[in-house]
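Open the model in your viewer and keep the selection tool at hand. This tour goes from stop to stop, saying what to pick next and what you will find there.

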Amino acid sequence: MMIKAELPEYIRTMVRGDHAANDAVEARLDADGWDGLPRFLAAVFFLAVDRRFGQTAGRSEVIAFVGDLRAGLAGGGPEINAEAAETLIMSIIDPSVDYSINQEMIGRIQAATVQKILTEEDLTDDELDALLAEAVSLASQA
């Protein structure tokens with residue numbers, strides 16, 4: 001599957017807090033279609049969670065992170081279900097974790113988590129480009 005160039009740009013502008021550029025990319029995607037976003041966002045989410053938590057983080061670390069995430073969204077971000085967010089993040093750390101979460105909530109959790117992790121990590125442009133390129137590669141695999 002080919003990942004549109006606008007998708008990594010959308011995530012980049014979101015992470016950098018460049019609202020004008022983000023609005024412009026969003027308008028192009030609204031016109032051309034958001035095809036591939038779920039796969040690409042899932043790949044970026046996987047990479048971001050892996051960078052932040054590795055494979056050994058415990059549930060308490062994830063609970064604290066989700067608490068901070070939800071507090072940061074209060075009064076301006078999408079509503080995130082805490083239990084769903086904790087479970088979805090834990091499913092990356094421990095692939096044996098099962099979940100049943102609706103697709104809309106998964107997207108909200110993934111987008112908010114990616115933005116928080118990658119913004120807090122304060123990546124250089126080259127590091128962010130490399131991470132987004134890796135996500136494109138992952139999402140492009142059959």
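The stops below cover aromatic pairs, a nonpolar core, a pocket and two further residues. Keep in mind throughout that this is a predicted model.

**Stop 1: the aromatic pairs**

There are 2 aromatic pairs to find in this structure. Begin by selecting Y10 and W34 and showing their rings. The ring centres lie 5.1 Å apart with the planes at 90 degrees, so this pair is edge-to-face.

Now colour by helix to see what the pair brings together. Y10 belongs to helix α1 (residues 6-16), while W34 sits in the loop between α2 (19-32) and α3 (37-53). The two are 24 residues apart, and the pair thus links distant parts of the chain.

Next, select F53 and F65. Here the centres are 5.4 Å apart and the planes again stand at 90 degrees, so this pair is edge-to-face as well. F53 is in helix α3 and F65 in helix α4 (residues 59-73), 12 residues apart, and this pair also links distant parts of the chain. F53 is buried, with a relative accessible area of 5%, and F65 counts as buried too, at 2%.

The charged end of R52 sits over the ring of F53, 4.6 Å from the ring centre.

**Stop 2: the nonpolar core**

Which residues touch the most other members of the largest nonpolar core? Select I11, F40, V44, I89, V114 and L118: of the 45 residues in this core, these are the ones. Two or more core residues come from each of α1, α2, α3, α4, α5 (82-93), α6 (103-121) and α7 (125-140). Helix α3 gives the largest share, 10 residues. As background, nonpolar side chains tend to be buried together in soluble globular proteins.

For a closer look, centre the view on F40. Setting aside residues up to four places away in sequence, F40 touches I3, L7, P8, I11, L132, A135, V136 and A139.

**Stop 3: the largest pocket**

The largest pocket holds about 290 Å³ of space. Its lining is made of 18 residues, and those nearest the centre are Y10, M14, N22, E26 and Q115.

Helices α1, α2, α3 and α6 each supply at least two lining residues.

**Stop 4**

Select T13, which is in helix α1. Is T13 buried or exposed? T13 is buried, with a relative accessible area of 4%. Beyond its neighbours within four places in sequence, T13 is in contact with D18, A21 and N22. N22 also featured in the pocket stop, among the residues nearest the centre.

Finish with D125, in helix α7. D125 is exposed, with a relative accessible area of 52%. Draw a C-alpha to C-alpha distance from D125 to R12: the two are 9.1 Å apart in space, yet 113 residues apart in sequence.

Definitions and conventions: Residues are numbered from 1 along each chain as its sequence is written. This is a predicted model: local features need pLDDT of at least 70, side-chain atom pairs count only at pLDDT 80 or more; totals for chains, interfaces and linings use all residues. Side-chain values use heavy atoms; hydrogens and water are left out. Rings of Phe, Tyr and Trp (its six-membered ring) pair if their centres lie within 6.5 Å; planes under 30 degrees apart count as stacked, over 60 as edge-to-face and the rest as tilted. Helices (H or I, at least four residues) and strands (E, at least two) are DSSP runs, numbered from the N terminus. Buried means under 20% relative accessible area, exposed over 50%, partly exposed in between (1.4 Å probe, protein chains only). A charge sits over a ring if NZ of Lys or CZ of Arg is within 6 Å of the ring centre and within 35 degrees of the ring normal. A nonpolar core is a set of buried Ala, Val, Leu, Ile, Met, Phe, Trp, Tyr and Cys residues joined through side-chain atoms within 4.5 Å. Contact means heavy atoms within 4.5 Å. On a 1 Å grid over the protein atoms alone, a cavity is a set of points where a 1.4 Å probe fits but cannot get out, and a pocket is an open set with protein on both sides within 12 Å along at least five of seven lines; lining residues have an atom within 4 Å of a point. Grid points are joined across faces, edges and corners, and a volume is the space filled by probe spheres set on the points.
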